[in-house]
Amino acid sequence: MATTVVVPGLGSCDFSDLREIKKQLLSVAERSRERGLQHSGKWASELAFALDPLPLSELPAAPVLTEEDARDLDAYTLAKSYFDLKEYDRAAYFLRGCKSQKAYFLYMYSRYLSGEKKKDDETVDSLGPLEKGQVKNEALRELRVELSKKHKAQELDGFGLYLYGVVLRKLDLVKEAIDVFVEAAHVLPLHWGAWLELCNLITDKEMLKCLSLPDTWMKEFFLAHIYTELQLIEEALQKYQSLIDAGFSKSTYIISQIAVAYHNIRDIDKALSIFNELRKQDPYRIENMDTFSNLLYVRSMKPELSYLAHNLCEIDKYRVETCCVIGNYYSLRSQHEKAALYFQRALKLNPRYLGAWTLMGHEYMEMKNTSAAIQAYRHAIEVNKRDYRAWYGLGQTYEILKMPFYCLYYYRRAHQLRPNDSRMLVALGECYEKLNQLVEAKKCYWRAYAVGDVEKMALVKLAKLHEQLNESEQAAQCYIKYIQDIYSCGEIVEHLEVSTAFRYLAQYYFKCKLWDEASACAQKCCAFNDTREEGKALLRQILQLRNQGETSSTEISAPFFLPASLSSNNTPTRRVSPLNLSSVTP
C-alpha cells in the first residue's frame, strides 16, 4: 500500500521554520539521488545550500531500512553502479524480482531510460533533425501496463507515481498524466520532478485553477515557476520576491528564474544585470545561459557573447546550452549556416530542447529556407505549445510565402500567449490589412499603441491606413502623436517614418491653408534626405502664396482631437495637445 509520508512543516505554506525545511530538502535530495533522479536531487541540494548550515545534532537521520530493503540491498547496490554508468539494461537485469520500493523504482526507471536511449540513438543515426521522427520508446507500453496494475493496487510511492506519470505523458495521455502527477505531489510533496512535469502539462491559468494541489511550501515554488511559463510575469515576480523575503535570498535558482522572468517581459537591462550578478555567484553555471546569450544577441554585444561562448566551451562543450550560446554567437556574426549547425548539435544532445528548435527556425528564416523553418517551428510547438516565439515565427514564415490566412491563425495564437506584446498586435494588424479587414486592423494598431508600442510603428501604420481611406484628419492626428512620442523618448531619431510623418503633416496643413504650421513641418522635412526636395518645394509654394496675399485659414483648424468615427469602431480615443514644433529638433 502506498503511504503518504507526513513530514513536519509540510502541512502549510509556512516558511517560519527554515531549519526544518532544510532538513526536508537534504533528505529528499538524498532519496532522489538513490533513485537516479539527478536533476531533482540537484535542485533540492541547491535550494538547501541557500539556507544556513545545520548543527550536527539536527542533521537528518539515515532512513530506516525495511526487511525488503535489506533483502534487495546487494542487488540494488550492484545495479545502481551500473545505472550510474548508463548501463540501463544491465541494471534492470539484476533488479528483476526486487520488492522494495527503492529497488523496484530503479528497475522500472532503468527500463524506461534504456528505451529512451535506444530511441534517441536511432533518431540521431537514421533521421535528420528536421524530419518527423517515427521512432518510439518500445518499453513505454509494457511499463504502462505494469505500473497501472501497481497504481490500482495502491502500491506506488511518490517516486513510483512520478514515473507512471512520465510514462503516460510520453504516450500522450495528458489528462491521465496530470491526475497522476497531482497524486504524486500529494504523496511526496518534496519531489520537485513531479511538480516540474505537472508544470509542463498546464497550458493556461484556468487549467491551473482546476488542480487540487497540496497546501505545502513547495507549492509556492511551483506557482512561481508556472506563472513564469504562462507569461504571468507580475505574479511570478511577486512570488519570487516573497520567497526571497522568506529566507531564500542566496538561492541561485530563484535569481536565475527572476532573470528569465525579466527576459520574458523584455526588460533587457534588468535581466542582463541579474544574469551578470548570477555569473559572479556561480561562475560555472550552464543552466539558463542560453537565455543570457539571447539578451546579449538582442543588444548586439559581440565581445560579451564571444566571451560567454568561449567560457562555456571550456566548462562543457557538449551541453545543449553551450551549443545554443555558440549558435547565437555565429548568428550575431551573420554566419547563419554555422549557427544552424550548432543548433542541430544541441538537438542531437536533446531532441526535446525547445529553445534550439525555435532558434534554428530563426536561422532558416535568415537563410530563406522557409520549409525547413516551418518544420523547426512546428517541432518547437510540439515540445511546448506555450512557446509564443514559435507561433510568431510560423506567422512570419507564412507571411513570406504570401499566405495571409495562415499567418492570421499563427499570429492569433502568439497574441493569445502574449496579449500585451505590441509586436504580436502589429503583426495581426498587418494581416488584417492584407485581408482587407480594415476595422480589425485599426483595432489591432490602436491596441498595440495602448499597451506600449515597443517598435514605435503602430501609430504610423494606423496613420497610413487612415491615409489610404482618405481620412485625412485621423491620419494627421496619428502622425502628430507619433512625432510627439518619438521625440519625448529622447532617442536619436533614426526612424525613417519621422520624415514621412512631417511630409504628410506639411501637405495636410498646406491643404488646410495653415501656412505657419505647414511651413514649420516643411522646414523639418528639409532635415531628412528623402523629403528635403519636397520640403523646399512646399516652402517655395507657401512663400509664393503669401506674397500673393493669401491669408491663413481661420475656419479650418488642425485636428487636435480624435473624431467620433474612430470610437464608433470600438477604438479608444484620447485627446492630444497640438504639436509643438518649436521643441522638436531632429
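Modeller: Buried means under 20% relative accessible area, exposed means over 50%, and partly exposed lies in between, with a 1.4 Å probe and protein chains only. Helices are DSSP runs of H or I with at least four residues, numbered from the N terminus. The model is predicted, so local features need pLDDT of at least 70 and side-chain atom pairs count only at pLDDT 80 or more, while totals for chains, interfaces and linings use all residues. Residues are numbered from 1 along each chain as its sequence is written, and side-chain values use heavy atoms, with hydrogens and water left out.

Biologist: What makes α23 largely enclosed by the rest of the structure?

Modeller: The reason is that 10 of the 13 residues of α23 are buried. These buried residues are Ser422, Arg423, Met424, Leu425, Val426, Ala427, Leu428, Gly429, Cys431 and Tyr432. With contact taken as heavy atoms within 4.5 Å, the cover over them includes α21 (388-400), α22 (404-417), α24 (438-450) and α25 (458-468).

Biologist: How do you know that the span of helix α23 agrees with its number of residues?

Modeller: The expected span of a helix is 1.5 Å times one less than its number of residues. For the 13 residues of α23 (residues 422-434) this gives 18 Å, and the end C-alpha atoms are 18 Å apart, so the two agree. After α23 comes Asn436, whose phi is positive, near 65°.

Biologist: Which residues touch the most other members of the largest nonpolar core?

Modeller: A nonpolar core is a set of buried Ala, Val, Leu, Ile, Met, Phe, Trp, Tyr and Cys residues joined through side-chain atoms within 4.5 Å. The largest one has 193 residues, and Phe221 and Phe222 touch the most other members. Leaving aside residues up to four places away in sequence, Phe222 touches Trp192, Trp195, Leu198, Cys199, Ile202, Leu208 and Leu213.

Biologist: Why is Thr216 called buried?

Modeller: Thr216 has 2% relative accessibility and therefore counts as buried. Thr216 is placed in the loop between α10 (205-209) and α11 (217-229), and its side chain reaches the backbone nitrogen of Met218 at 3.0 Å.

Biologist: Why is the pair of Lys23 and Glu20 called a salt bridge?

Modeller: A salt bridge is a side-chain nitrogen of Lys or Arg within 4 Å of a carboxyl oxygen of Asp or Glu. An α-helix has 3.6 residues a turn, so residues three or four places apart point the same way. Lys23 counts as partly exposed because its relative accessibility is 23%, whereas Glu20, at 18%, counts as buried.

Biologist: How many salt bridges does a search of the whole structure find, and which helices does the one between Glu197 and Arg169 link?

Modeller: The search finds 30 salt bridges. In one of them, the closest N and O atoms of Glu197 and Arg169 are 2.7 Å apart. That pair links distant parts of the chain, with Glu197 in helix α9 (residues 192-201) and Arg169 in helix α7 (residues 158-170), 28 residues apart. Both Glu197 and Arg169 are buried.

Biologist: What does the salt bridge between Lys239 and Glu220 tie together?

Modeller: The closest N and O atoms of Lys239 and Glu220 are 2.9 Å apart. Lys239 lies in helix α12 (residues 233-248) and Glu220 in helix α11, so the pair ties together parts that are 19 residues apart in sequence. Lys239 and Glu220 are both buried.

Biologist: Why is Lys536 called partly exposed?

Modeller: Lys536, in helix α29 (residues 532-547), has a relative accessible area of 35%, and therefore counts as partly exposed. Gln541 also lies in helix α29, and its relative accessible area of 37% makes Gln541 partly exposed.

Definitions and conventions:
Helix = DSSP H or I, 4+ residues; strand = E, 2+ residues; numbered from the N terminus. Polar contact = N/O pair within 3.5 Å; in protein donor to acceptor, adjacent residues only side chain to side chain.
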